[in-house]
Amino acid sequence: MEDSILMESRRPEAVGPLPVVLTIAGSDPSAGAGLQADLLTLASLGVHGCTAVTALTVQDSVNVRGYTPVDPQDTVAQARAVLEDMSVQVIKIGMLGSAAMVAAVSALLADHSQIPVVLDPVLAAGGGMALAGDGLREALVTRLLPRVTVMTPNGPEALALSGTGDLPAAGVWLNRHGAEWALISGGHGEEPELENLLFRGEVLRRTFRQARLPHSYHGSGCTLAAALAAGLAHGLTMEEAVARALDFTHACLVHAYPLGKGQYFPDRFFWARRHREGPDGRR
């Protein structure tokens, strides 16, 4: 399965430039999550990633210690510079942090409504620190969801955004409030097999089942959303892009490695390392 996912992105592209994805998110100095995770994922999947920074975070593998928001107008200016210069296939959105940032990004998207939007609605860090300012939830729901092609909340995020009591109801609610597609990832449960739920038109369209892995991972949600954006940028249908993004992310987590004192880091280039090394792990 890993080979079938990746061969297409690793083969040389002799004709034309790489597809472009613009990611709007926070910066992670540990490179496990945020813009750095997006760029690693996009590069691994044969996409040129561009960035607009929303926040400078202070974080490591354990948790986010703090963050400084970027002025929303500066973030939008970064994005507009890219959009005016390049043909961007997909816009991927991660941490926004404030209602003011949501409003600014929503206005930007209104000017580029032809570009598909992938939203990873970051509300908290993996270590638990809140990354959502006052009014962020309401702004996401009222101003951003109607502009979103597909969103990728984890279970707790889907429940927090929707205010519902279970994930099927949350998926229906997210569709009803504007998100054309909603992929709710199942990594925060306890069952040995996790379920990823894909909704469209207030209907559960597909359930993708995967084996639950033993560790906690830094940036798994960013990896999933960026991989989904990469698939759409390559011209896959939504269901194809979702399936490949889930398979790619799961493979990254299977090959994840510990670097610090907390979560494991997804190995977005596991395929390069595997093909470089021999069967015993040596070069």
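In this predicted model, Y217 counts as buried because its relative accessibility is 12%, under the 20% cut-off for burial, whereas Y264 is partly exposed at a relative accessible area of 21%.

A search of the whole structure finds 4 aromatic pairs. Y217 and Y264 form one of these, an edge-to-face pair, and it links distant parts of the chain, since Y217 lies in the loop between β9 and α8 while Y264 lies in the loop between α9 and α10, 47 residues apart. The rings of F248 and F270 form a tilted pair, and because F248 belongs to helix α9 and F270 to helix α10, this pair ties together parts that are 22 residues apart in sequence. F248 is buried, with a relative accessible area of 1%, and F270 is buried as well, at 2%.

| Aromatic pair | Centre to centre | Angle between planes |
|---|---|---|
| Y217 and Y264 | 6.4 Å | 75° |
| F248 and F270 | 6.2 Å | 40° |

Among the strands, β8 (residues 193-200) runs antiparallel to β7 (residues 181-184), to which it is joined by 4 bridges, with A182 standing opposite F199 of β8. Strand β8 is also joined by 8 bridges to the antiparallel strand β9 (residues 203-211), where Q210 is the bridge partner of L194. β8 and β9 form a hairpin with 2 residues between them, and G201 in the turn has a positive phi of about 60°.

Helix α4 (residues 99-110) has 12 residues and should therefore span 16 Å at 1.5 Å a residue, which agrees with the 16 Å between its end C-alpha atoms. Its buried residues include M101, V105 and L108, and among the elements that cover the buried residues of α4 are β1, β4 and α5.

Key. Residues numbered from 1 in each chain as written. Predicted model: local features only at pLDDT ≥ 70, side-chain atom pairs only at ≥ 80, totals over all residues. Heavy atoms only, no water. Expected span 1.5 Å × (residues − 1). Buried < 20%, exposed > 50% of the residue type's maximum accessible area, 1.4 Å probe, protein only. Contact = heavy atoms within 4.5 Å. Pairing = 2+ DSSP bridges. Phe/Tyr/Trp six-rings, centres within 6.5 Å; stacked < 30°, edge-to-face > 60°.
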